[in-house]
Amino acid sequence: MDSKQVLNRVTQQLKQASADSVTPAGQNNAPSDDQLSAINQIFELFRFNYHNQFLKAFPDLDTMNMAKRLWLRLLGDYSGEVIMRAAEKAVKENGWLPNVHEVLARCDVAEVLGLPAAHAAYVEACRAPSPKKEFNWSHPAVYFAGRATDWFFIANEPEEKVFPVFKRNYDLLLNRIQNGEDLEIDLPRALPKETKTPLSRDDQKDRLKNLIADL
């Protein structure tokens, strides 16, 4: 069996394992093809960079597949791109084989989406003047995270109390964006400028006559 056939077999096994797992009715927790591909690529990346450590940690196919199922479950909230970037960071920063928790700690949805990091977003929310809706936000997610946290709470409580709440709201919004949701701030429509209908030629003549008569 060549390497491509092995990879296909592993992917099918992971899909089947996810389908067999018990999930609440109405929920679909099966990993996407994007996530499955990322996990397989991560393990190949680890095999290449930590050859001896990798073989000790995963001495056979069954052990490796069990590990992959665990990684899929723990990293299931992130897209394949986020997972891959986190793994690459872990490889750059570690001289030893990273575990799933080290990769999980490096998952950064904001970085992949091109949005400000959580603390930068918090600072932006703190400094934004009123009316909040009309501020030129770096991204609508920052505005919505601030609104969900409560502007009065942000303005009147210390950072150590507010930031954890803001970060939680921001992370939830990032996951929604990661899953394809568009966020837009519904700005109030500006009132139309007053317009006047020009007078007809006859009306203009009548007005001129009235002005002359008044004079």
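Asn 169 is buried, with a relative accessible area of 13%; buried denotes under 20% relative accessible area, exposed over 50% and partly exposed in between, for a 1.4 Å probe and protein chains only. The model is predicted, so that local features need pLDDT of at least 70 and side-chain atom pairs count only at pLDDT 80 or more, while totals for chains, interfaces and linings use all residues. Residues are numbered from 1 along each chain as its sequence is written, and side-chain values use heavy atoms, with hydrogens and water left out.

Asn 169 lies in helix α11 (residues 159–178); helices are DSSP runs of H or I with at least four residues, numbered from the N terminus. Its side chain makes a polar contact with the side chain of Thr 149, at 3.0 Å. Such a contact is a pair of N or O atoms within 3.5 Å; within protein, one must be able to donate a hydrogen and the other to accept it, and residues adjacent in sequence count only if both atoms are side-chain atoms. Apart from neighbours within four places in sequence, Asn 169 is in contact (heavy atoms within 4.5 Å) with Ala 145, Ala 148 and Thr 149.

Thr 149 is also one of the buried residues of α9. Helix α9 (residues 140–149) is mostly covered, with seven of its 10 residues buried. These buried residues pack against α8 (118–127), α10 (151–156) and α11. Just after α9, Asp 150 takes a positive phi of about 100 degrees.

Two packed helices are described by the angle between their axes and the distance between the axes. Axes are lines fitted to C-alpha atoms, for helices over the stretch in contact, and angles run from 0 to 180 degrees between N-to-C directions. Helix α2 (residues 33–49) packs with helix α4 (residues 61–74) at about 130 degrees, the axes being 10 Å apart. The two are therefore oblique to each other; angles under 35 degrees count as roughly parallel, over 145 as roughly antiparallel, 65 to 115 as roughly perpendicular and the rest as oblique. Residues of α2 including Ile 39, Phe 43 and Phe 46 meet residues of α4, among them Met 64 and Trp 71.

With helix α5 (residues 80–93), α2 packs at about 15 degrees, and the axes are 8 Å apart. That makes α2 roughly parallel to α5. Here α2 contributes residues including Ala 38, Ile 42 and Leu 45, which meet a set in α5 that includes Ile 83, Met 84 and Val 91.
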